[in-house]
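Please brief me on this protein chain.

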Amino acid sequence: QILAGLRGSSVLTVADMVGFLDGGGMIQFLFENDRVRFGIDVGATSRARLKVSSKLLYLARTVTGTESIENN
């Protein structure tokens, strides 16, 4: 519900909830082997008119939503 309300605004959304990226979030923290990792949905960030640095994308465990950018 919160993500739906923020849709179209330039607000970076970050959480550690399971399925956050699938629900429209931008950065999701993941816990693997006692370490904190993160995934990024670049489609969601580009729709919010936010740019993610290539260095941050390189460090991400998963990067999703790239098909949204390629089709624009």
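Residues are numbered from 1 along each chain as its sequence is written, and side-chain values use heavy atoms, with hydrogens and water left out.

**Confidence**

- The mean pLDDT of the protein chain is 86, where pLDDT is the predictor's confidence in each residue, from 0 to 100.
- In the chain, 90% of residues reach 70 or more.
- Over residues 68-72, pLDDT stays under 50.
- The model has four contacts (heavy atoms within 4.5 Å) for residues 68-72 beyond four places in sequence.
- Where pLDDT is low, the predicted coordinates should not be read in detail.

**Salt bridge**

- The whole structure holds one salt bridge, defined as a side-chain nitrogen of Lys or Arg within 4 Å of a carboxyl oxygen of Asp or Glu.
- Arg 61 and Glu 32 form a salt bridge through their side chains, at 2.9 Å from N to O.
- This pair links distant parts of the chain, 29 residues apart: Arg 61 sits in the loop between α3 (54-59) and β4 (62-64), and Glu 32 in strand β2.
- Helices (H or I, at least four residues) and strands (E, at least two) are DSSP runs, numbered from the N terminus.
- Arg 61 is partly exposed because its relative accessibility is 48%, and Glu 32 is partly exposed at 25%.
- The classes are: buried under 20% relative accessible area, exposed over 50%, partly exposed in between (1.4 Å probe, protein chains only).

**Buried residue Thr 13**

- Thr 13 lies in the loop between α1 (2-6) and β1 (14-15).
- Its relative accessibility is 8%, so Thr 13 counts as buried.
- Thr 13 touches residues including Leu 3, Leu 6, Phe 20 and Ile 27, leaving aside residues up to four places away in sequence.
- Leu 3 is ten residues from Thr 13 along the chain, and their C-alpha atoms are separated by 7.9 Å.
- Met 26 is also touched by Thr 13, and its backbone nitrogen is reached by the Thr 13 side chain at 3.1 Å.

**Buried residue Gln 28**

- Gln 28 is in strand β2.
- With a relative accessible area of 9%, Gln 28 is buried.
- A polar atom of the Gln 28 side chain lies 3.3 Å from the backbone nitrogen of Leu 21.
- Beyond four places in sequence, Gln 28 touches a set of residues, among them Ala 15, Met 17, Leu 21, Arg 37 and Phe 38.

**Surface patch**

- A nonpolar patch on the surface consists of Leu 12, Val 14, Phe 29, Phe 31 and Val 36, with about 480 Å² of accessible area together.
- Phe 31 is in strand β2 (residues 27-32) and is exposed, because its relative accessible area is 58%.

**Positive phi**

- Most residues other than glycine have a negative phi.
- Asp 34, a residue other than glycine, has a positive phi near 60 degrees.
- Asp 34 is in the loop between β2 and β3 (35-41) and is exposed, with a relative accessible area of 85%.
- Arg 49 also has a positive phi, about 60 degrees, although it is not a glycine.
- Arg 49 is in the loop between α2 (42-47) and α3, and is exposed at a relative accessible area of 58%.

How values were computed: This is a predicted model: local features need pLDDT of at least 70, side-chain atom pairs count only at pLDDT 80 or more; totals for chains, interfaces and linings use all residues. Patches are made of residues with over 30% relative accessible area and no salt bridge: like charges are joined within 9 Å, nonpolar side chains (Val, Leu, Ile, Met, Phe, Trp, Tyr) within 5 Å. Accessible areas come from the Shrake-Rupley method with a 1.4 Å probe; for residues, only the protein chains shown count as cover. A polar contact is a pair of N or O atoms within 3.5 Å; within protein, one must be able to donate a hydrogen and the other to accept it, and residues adjacent in sequence count only if both atoms are side-chain atoms.
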